[in-house]
Amino acid sequence: MTNSRSTQSTNQESTEALRLVEVRKTYGDDNARVTALDGVSLDLTRGTFTAVMGPSGSGKSTLLHCAAGLDEPDTGTVFVDGLELRGKSETELTKFRRQRIGFVFQQFNLLPTLTVVQNTTLPLKLAGRRIDSARARAVLERVGLGQRLDHLPGRLSGGQQQRVAIARALLAEPSVVFADEPTGALDSHSAREVLGLLQESVRTFGRTVVMVTHDPVAASYADAVVFLADGRLAGRMSSPTAQAVAERLTHLGDEIARQGRYDGTSGAYAAARNGNASGSEGI
Ligand SMILES: Nc1ncnc2c1ncn2[C@@H]1O[C@H](COP(=O)(O)OP(=O)(O)OP(=O)(O)O)[C@@H](O)[C@H]1O
């Protein structure tokens, strides 16, 4: 009995990239408190691509920041790679992020005075890790920038800059790559290339990607979409299509009121308000 339980737990840890348990985050004080996350629980398996969607102010960025250890939840727990973030000092968290987490931001966040290769290898340098230049070049070739290694970011298009950012995130072989609106500043052609690369990093390299986006087309590149509304998980959709995602977003508010609360770990609604449990994936 004990053995089987410990095997189960080990198996869960070995396949689990990210787990949030009842994460709650508020901002402000008692006079003006905003609940950004209201008890969010979520499990993401390694090697999956998940989009996080929801209306403006629904808590998407807060979720990303808490999951990446950039912000601390008021209550609840976050595990990356089975390791709990709570209780780590700022220095430990910084080290942890450098080793296990990759970031891709809307505005690329490249250093303008460093070349493509130097930008890509910077996180490894900061982490005091060995820099394998051949590997850095191989990753940059993989994202289509083999001819641009010594260029400065200012000489690249937005799409090319975002590909540098993806190469930078992938080079450190992080457990989870968090992408915050990675296509928000790109034209549709560049956006497709960047989304294709994120998909490839999951399918070919086994990375785990969590992407916040407002764009149903971008979300359709993911394996699954989780929907947030008012700081709560409000549903999940597997194998999303842009049309199905857009439709779900349109009805998100009504459905939350109707169905109650979604439990992201079990794939079923807790139906907190009306006792109406559903085995369906979404609302
Ligand atoms: N630093 C902060 N101080 C006060 N309130 C904040 C802070 N950050 C977020 N909030 C509030 O928390 C709620 C969730 O914000 P969050 O940025 O996570 O939403 P979002 O879904 O990412 O929104 P958007 O799509 O507009 O970027 C909002 O009501 C927001 O105003």
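**Asn-109 counts as partly exposed, because 13 C-beta neighbours lie inside 10 Å.** A residue is buried when 20 or more other C-beta atoms lie within 10 Å of its own, exposed when 12 or fewer do, and partly exposed in between, with C-beta atoms placed from the backbone. The model is predicted: local features need pLDDT of at least 70, side-chain atom pairs count only at pLDDT 80 or more, and totals for chains, interfaces and linings use all residues. Numbering starts from 1 along each chain as its sequence is written. Asn-109 sits in the loop between β6 (101-105) and α4. Helices (H or I, at least four residues) and strands (E, at least two) are DSSP runs, numbered from the N terminus. The phi of Asn-109 is positive, about 55°, although Asn-109 is not a glycine.

**Asp-230 is another non-glycine residue with a positive phi, here about 50°.** The residue lies in the loop between β9 and β10 (232-238). Asp-230 is partly exposed, because 17 other C-beta atoms lie within 10 Å.

**The ligand is surrounded by residues that include Tyr-27, Val-34 and Lys-60.** The largest share, three residues, comes from α2. By class, the shell holds three nonpolar, eight polar and one charged residues. Here Ala, Val, Leu, Ile, Met, Phe, Trp, Tyr, Cys and Pro count as nonpolar, Asp, Glu, Lys and Arg as charged, and the others, Gly among them, as polar.

**Helix α2 is largely enclosed by the rest of the structure, because six of its eight residues are buried.** The buried set is Lys-60, Thr-62, Leu-63, Leu-64, Cys-66 and Ala-67. Gly-69 follows α2 and has a positive phi, near 75°. Across the protein, buried residues make up 42% of the 283 residues.

**Four strands form an open antiparallel sheet in the order β2-β1-β4-β5.** Two strands pair if DSSP finds at least two bridges between them. β2 and β5 (83-84) are the edge strands, each pairing on one side only. β1 and β2 are antiparallel and share eleven bridges. A hairpin of two residues joins them. Glu-16 stands opposite Thr-45 in β2. Val-23 has Val-40 of β2 as its bridge partner.

**Six strands form an open mixed sheet in the order β6-β7-β8-β3-β9-β10.** Its edge strands, β6 and β10, each pair on one side only. Neighbouring strands are turned by 20° against each other on average, direction ignored. β3 (residues 49-53) and β8 (residues 208-212) pair in the parallel sense over four bridges. Phe-49 stands opposite Val-209 in β8. Helix α7 (residues 188-203) lies across β3, β7 (176-180) and β8, and runs at about 150° to β8. Axes are lines fitted to C-alpha atoms, for helices over the stretch in contact, and angles run from 0 to 180 degrees between N-to-C directions.

**Ala-222 counts as buried, because it has 27 C-beta neighbours inside 10 Å.** Ala-222 is found in the loop between α8 (216-219) and β9 (224-229). Not counting residues up to four places away in sequence, Ala-222 touches Phe-49, Thr-50, Ala-51, Met-211 and Pro-240. Two residues are in contact if their C-beta atoms, placed from the backbone, lie within 7 Å. Arg-192 is 30 residues from Ala-222 along the chain, and their C-alpha atoms are separated by 12 Å.

**Helices α4 (residues 116-126) and α6 (residues 158-171) cross at roughly 30°, with axes that come within 8 Å.** The crossing is right-handed. A crossing is right-handed if the near helix is turned clockwise from the far one by less than a right angle, and left-handed if anticlockwise. From α4, Val-116, Asn-119, Thr-120, Thr-121, Pro-123 and Leu-124 take part. They meet Val-164, Ala-167, Arg-168 and Leu-171 of α6. These contact residues divide into six nonpolar, three polar and one charged.

Note on methods. A residue is near a molecule or strand if its C-beta atom, placed from the backbone, lies within 6 Å of it.
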